[in-house]
Protein chains: 2
Amino acid sequence: MIPNLQIDSERLWGMLMDTAKFGGTPKGGVKRLTLSDEDKLVRDWFVAELTALGCTVTVDEVGNLFARKPGKNPELPPIAMGSHLDTQPTGGKFDGILGVIGAVEVMKALVGAGYETNAPIEVVSWCNEEGSRFAPAMLASGVFAGVFTPEYAYTREDRQGLKFGDELDRIGYRGTEKAGDHPLQAYFELHIEQGPILEDEGKVIGVLTGVQGMRWYEITVTGQDAHTGATPMRLRKNALVGAARMIEAVDAIGQKYSPDAVATVGLIENKPNSRNVVPGEVFFTVDLRHPEESVLQAMEDELRAALVAILPPMKLEYDEKMIWNSPAVKFAPELIACVDHGVDKAGYSKRRMVSGAGHDAVYIARVAPTTMIFVPCEGGLSHNEYETIQPEEAAAGAQVLLNAVLEYDATLA
Amino acid sequence: MIPNLQIDSERLWGMLMDTAKFGGTPKGGVKRLTLSDEDKLVRDWFVAELTALGCTVTVDEVGNLFARKPGKNPELPPIAMGSHLDTQPTGGKFDGILGVIGAVEVMKALVGAGYETNAPIEVVSWCNEEGSRFAPAMLASGVFAGVFTPEYAYTREDRQGLKFGDELDRIGYRGTEKAGDHPLQAYFELHIEQGPILEDEGKVIGVLTGVQGMRWYEITVTGQDAHTGATPMRLRKNALVGAARMIEAVDAIGQKYSPDAVATVGLIENKPNSRNVVPGEVFFTVDLRHPEESVLQAMEDELRAALVAILPPMKLEYDEKMIWNSPAVKFAPELIACVDHGVDKAGYSKRRMVSGAGHDAVYIARVAPTTMIFVPCEGGLSHNEYETIQPEEAAAGAQVLLNAVLEYDATLA
C-alpha cells in the first residue's frame, strides 16, 4: 500500500531560492564553480539540513555527498535521488540544483510524514558535473562508476593550475569512503530539460527512457585559395562551397531521422577568410546524436557517403575523423515504469523522451538501475543566468520523484 | 610605316631580377611596402636608369614618377606606359613591377634603335597601388584621376601611425607637380594576370577590354543559439544552415552568369562557434563581379531574391547592405585594337579578357584613353612570394607593349 504523500511546494521553492544565494549573481543566476568557496557554502548547507532531518551524511574520496535515511531493511542498498550543486560560470538556479534540492524536499516529506521505507533512502550530490572549472564534465560520478580513477580526478587542474585533489582538501570535502564502494539499489535524477520540447508541447513531465548516443567528428576540406576577381567559376576549388553543401547534408541527415535524431555543424573555421579570396580550406565539426546505436551508425554512414558524393566532384580533398563516441544509454524499465505511474498518480501531462545532453545519470546507469525525470525550462534556455522555471514545475518534478521512489520502494517489501 | 623594333628579352629579365633585390625575401619574393627604404631604393634606380637613357623624370605631389622621352611633336601629350613598384608584405617579383620594368625595356628599345616617336613617350610608376601599408589601394593614381584629394592621401596612416605625406618627405619623393596636372595621350598597362585563365587555355597574351564591375555586400543571419543535443531539428533556428544555403545560392549566381561572372562568399564568422551549440548568428560577405553593369544588377537582384526565398522560411532574420560599388570600366577601343594588332604582329596566341582585379588603369581610364595587356602567371598565383612567370612570358608582354605603342603613335603623325 503506497501512501499519498505530498511534497511542500513552498518549502521546495524556498530552499531553491535560499541556496541560490551561494554564488548568486546580480542577473539572478548562480556562479558556483566546483570546490570554490561558494561550493563549500552550499555543501555545508546540505550537510546541516540533512543532518537536522536525522540523515547520516558520508563523503567519498572524490567529494560526492550521500545523506541517508535508514529503511526497514538494513540489508538493502539505498534508493538514491540526486544530481549536482555546481554550476557553469554564468549558470542558472536550476540546472543540477533542482535534482538535489528536489530530493531534499522528498526526504523532508518522508520524514515529516513519519513514513518508513523498505530500503534506505539517499540524497546524493555528485561533485563536478559541469566540468567548467575542472574538465572533464561528470568527473566524480565517472569515478564512482569506474570510468575514471581517483588519481585522474585529483590531478585535474583549473586554469590557475590548482588541482582538484588539493581543492577538495582546501574546502574540507575529501572524504574517506572509497569512490564506488557504495552500492545503490536504484538512482532517480530529476533535472530541467535544458531544451524546448516540453514547453513546445505543453507537457509538464518528461519521462526519460535513456540518453542519446553521441558521436563527434572533425572534418577539414581543402581546395585552393584564389583571387575572387581573377578566378572564373569553373577553375575554382572553393572549400567553403563544399563545406556549405556538407552543412546542408548534415542537417538533412538530422531531418531524415527526426524526431529522435539531431545533427549539427556547430563550429566552422574558414581560411584565409578574406572578402576577396576564394576560400582554400575549411574546418568544421559534426555532432550526431540518436538514442539507438544502429540508427546512429546509419547516420554516420550517410555522413561519410555525403563526403564522398559532394567533395571529390568539386575537386576538393578532405580529411575526416571521429573524435568522440559516447554510446546510447537505456534507462531501467522498472524505474521508468515507476516514474510513469508517478506522473499519472499526480495527474500531470507527460511525454516519453530521451536526453540529448549528458548527465551524472549516464555514468551511474553503468553501476545501478537508473532513470531521470525532466521538467520544462523557459525557452529551453540553460547554462545561462536567465535560466527560468516556474515554482509549480519544480513542485511537479519533486512530486513525481517522491511518487516514483515510493512505488519502487514498495516492490522491495 | 611602323618599324619592326624588338625588345631585348635578356635585358628585360636582368632588370626584373636586379630590382627584385630591393626588398627581396629569402623565399624569392619581394617585400617593398610603399614609401619604405626599399621603395626609395627602387625609385632611385628608376630615376638613374631613365635619366641615363636621356629621359626627363618628374615627380608629382603624391609620389607618382614620370620619365619622358620627347617626340617629334612637343604639342602632343605623352603616350604613357607603366604600373607600380610597390608590393604586398609577402609579394612576388612581377605584380606591378613587370608593367614598369617592361615599359623601361620598351624605352630602351626605342632609344637603342634611335627611333623618334610622334608623341612623347613616358614610363610611369604609380605610388601605392597595393594599399598594404597605406589603405586604400590605388591611392596615388586615384589622386591623379581626381578620385581622392592630395590631402586625403597625405593623411593616410600605416599601422604605426606614420602618415603617407610625412613618409613621402622622408624618402624625398614628394614632388612639386600638381597631381593630375599632366595630360596623357594614352595609357598602356602591362600586368601579370593574377588568375589562371591564360595558363588554363595555353594563351600567351590577354587583350584586355575592361575591368569588371564589383559590388560587395555584408550579410548577417540571425537565428537562435540552442543546445545541439536537447533541441530537435524542427524547433531549431540554425543560422549556419541558412548561411550555407546562401553560400550555395551565391555560387549558383556566379555559375549562372559564367563565364564572365564571378560570385563569392570569402569571409564567414559563426557565433557562438561551439561544437555543441546550434549557431545563432552568422556574418558573411558577398563579392559579385561582372563586366556589364546591367548583368551585375541582375546578379544583385538574384542575391536579394535568394535571401528572401531562403531565410524567412527557416525562421531566420537577416540584415544586408552593399558596402562597396565599383562600376565596370570599358577600355578605349582604339587602344585595344593596337594591342590586338601588336599581338598578331608578334605571332603570339591571345584571348580577349576582362580584368577581375583592380589596377591603376581603372582610375587612369577616367582621365585618358586606357587599356591593359596581361601575361600568364604560374597557377594564377599572385600576392605570394612564389608568384612566378617565365622569361619568355615577360618578353612577350613587353614586345606587345612596344608594338601597341608604336602603332598608336603612328596614328598621331
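1. D158(B) lies in the loop that connects α5 (150-154) with α6 (164-170) of chain B. The model discussed here is predicted. The relative accessible area of D158(B) is 8%, and because the limit for a buried residue is under 20%, D158(B) counts as buried.

2. The surroundings of D158(B) can be stated briefly. Once neighbours within four places in sequence are left aside, D158(B) is in contact with R133(B) and F134(B). With R133(B) there is also a polar contact, made between the two side chains at 3.0 Å.

3. Helix α3 of chain B comprises 17 residues, 97-113.

4. The remaining points concern the interface between the two chains. Here 53 residues of chain B are in contact with 53 residues of chain A. The size of an interface is often expressed as the accessible area lost when the parts come together. For chain B and chain A the buried area is about 4,400 Å², with 59% of it on carbon and sulfur atoms. On the side of chain B, the residues that lose the most area to chain A are M233(B), E248(B) and R275(B), which together account for 18% of what that side buries.

5. Eight salt bridges are counted between chain B and chain A. One of them joins R245(B) to E248(A), with the closest N and O atoms 3.1 Å apart. Between chain B and chain A there are also 20 residue pairs in polar contact, counted with both residues at pLDDT 80 or more.

6. Several elements of chain B contribute to the side that touches chain A. At least two residues each are supplied by α7 (197-201), β7 (213-222), α8 (239-256), β9 (262-264), β10 (268-271), β11 (277-278) and β12 (281-290) of chain B. The largest share, nine residues, comes from α8(B). By class, the side of chain B that touches chain A is made up of 22 nonpolar, 19 polar and twelve charged residues.

Key:
Residues numbered from 1 in each chain as written. Chains lettered and ligands numbered in written order. Predicted model: local features only at pLDDT ≥ 70, side-chain atom pairs only at ≥ 80, totals over all residues. Heavy atoms only, no water. Contact = heavy atoms within 4.5 Å. Buried area = accessible area lost by both parts, 1.4 Å probe. Salt bridge = Lys/Arg side-chain N within 4 Å of Asp/Glu carboxyl O. Polar contact = N/O pair within 3.5 Å; in protein donor to acceptor, adjacent residues only side chain to side chain. Helix = DSSP H or I, 4+ residues; strand = E, 2+ residues; numbered from the N terminus. Nonpolar A, V, L, I, M, F, W, Y, C, P; charged D, E, K, R; others polar. Expected span 1.5 Å × (residues − 1). Buried < 20%, exposed > 50% of the residue type's maximum accessible area, 1.4 Å probe, protein only.
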